[in-house]
Amino acid sequence: MEDTMRNTYLAADFGGGSGRLIAGSLFQGKLELEEVHRFANRQVKLGNHLYWDFLSLFEELKTGLKKTARKGYSVKGIGIDTWGVDFGLIDKDGNLLGNPVCYRDARTDGMPAKVFRILDEQAHYAETGIQVMAINTLFQLYSMKESGDVLLKAADKLLFMPDLFSYFLTGVANNEYSIASTSELLDARRRNWSLSAIRALGLPEHLFGEIIPPGTIRGKLKEEIARETGLDTVDVIAVGSHDTASAVAAVPAAEGPVAFLSSGTWSLLGVETDEPILTEEAREARFTNEGGVGGRIRFLRNITGLWILQRLMSEWEMRGEKQSYDTLIPQAADAAISSIIPVDDALFMNPESMEAAIRNYCRDHALPIPQNKAEFAKCVLRSLAFKYGQAVERLNRCLPSPIRRLNIIGGGSQNKLLNQLTANQLGIPVYAGPVEATAMGNILTQAMAKGEIADLNELREIVMRSVTPEEFHPQK
């Protein structure tokens, strides 16, 4: 992006392991991107809990804003997206009440069973349409209530992670729709808080604020932050602030239903619909109805994604046996191991050693045990593709007609072996890319809020002009 006078939008994209700021602008009908700042995001174990280091993350966000200002871009908007379900609490004076707790914390262990002694699970799904996962905000909050957590009693507002960043940039507190929908506390049809669930569980109603749709201008950058960073008091814009909502907005497909697999630490596999699907079949298949951009619903299944392989890579690096994906994945393609592990099993959620967890599972179930790194990688990727096949089979039962193609987006779309295994398993073409779907959706939703883009259809046309997905066809 050489012309710094073009309208530029900043995407602040926070992932579970890293974050970055990406600048984007439209030029001759295409979107051009530049990474401005990248930083690590880590979970911190302190006392009895696992936290996110929000203070450090906010400082990294400001560092990215400073770098952008030094580059001289004409910044017109800032949009923030993060992972789902986690939140911070602020008091009536606007102070942060402690670092946000990570969804992998053990405080929600056993909470779904306790909650569904109070709520009717079927009726609850028929209202919220969310896949029951112990990590969901509902169970985090109920665990705080049950333990008598003083922070819950002192809190004035609940802000999901992107809402929290936006609040400290602008001073405006509200809840963006797509991220709020991950909480399991939203009425899927009315697209507002499920007060019946909130009241039944005895959660403080005043915590839950105004819900705003993607494409809403939240407020202006505070003057003191504008001075500190060197930016103007630019608009901070609510995008699809659940990162998958931004990613799905940037699926390069013109015809519906748009079927997607957002591939990263988590795999989110589903289709875009106009209205939620709240059937008993959908509940039993563990599908979820989350908010999207342009009033759409993301009807999807949460599946453990590349987290298992990422943990293996991290373990090997800690042992001084660092691997690169560029060498490991081709080796894995040639590995002959046939073992399939259940990637969503609690055994693989956060074990002390992922390698040991896989080895023990295979031994206990009389499966071939991986003997080297290539075999471990092949086992994980085969298992993911197998799980995707099961999920698509259940998905198709919930739809009027089966999906004809799958768009894989996000960082995992670079894994050519997984893409090919997925095409083989599903028996339909797979289109991989864009890698930067989240940033593209974030930036183009900002442009839509500012009137540069008319609607979601035009947004996707720009994506299709800007990237060429790689095709993978089923092989025997």
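Modeller: A crossing is left-handed if the near helix is turned anticlockwise from the far one by less than a right angle, and right-handed if clockwise. In this predicted model, α1 passes α6 in a right-handed crossing.

Colleague: What else describes the packing of two helices?

Modeller: Two packed helices are described by the angle between their axes and by the distance between those axes. Here the axes of α1 (residues 54-71) and α6 (residues 161-170) come within 11 Å and cross at roughly 60 degrees. That angle makes α1 oblique to α6.

Colleague: Which residues of α1 and α6 meet?

Modeller: From α1, the residues are F54, L57, F58, L61 and L65; they meet M161, L164, F165, F168 and L169 of α6. By class, this contact of α1 with α6 has 10 nonpolar residues, with no polar and no charged ones.

Colleague: Where does R286 lie, and what is its phi?

Modeller: R286 lies in the loop between α11 and β17, and its phi is near 65 degrees, a positive value. With 35% relative accessibility, R286 counts as partly exposed.

Colleague: Is A366 buried or exposed?

Modeller: A366 counts as exposed, because its relative accessibility is 72% and the cut-off for exposed is over 50%. Its phi is also positive, near 55 degrees, and A366 lies in the loop between α14 and α15.

Technical notes:
Residues numbered from 1 in each chain as written. Predicted model: local features only at pLDDT ≥ 70, side-chain atom pairs only at ≥ 80, totals over all residues. Heavy atoms only, no water. Axes fitted to C-alpha atoms, helices over the stretch in contact; angles between N-to-C directions. Helix = DSSP H or I, 4+ residues; strand = E, 2+ residues; numbered from the N terminus. Parallel < 35°, antiparallel > 145°, perpendicular 65-115°, else oblique. Contact = heavy atoms within 4.5 Å. Nonpolar A, V, L, I, M, F, W, Y, C, P; charged D, E, K, R; others polar. Buried < 20%, exposed > 50% of the residue type's maximum accessible area, 1.4 Å probe, protein only.
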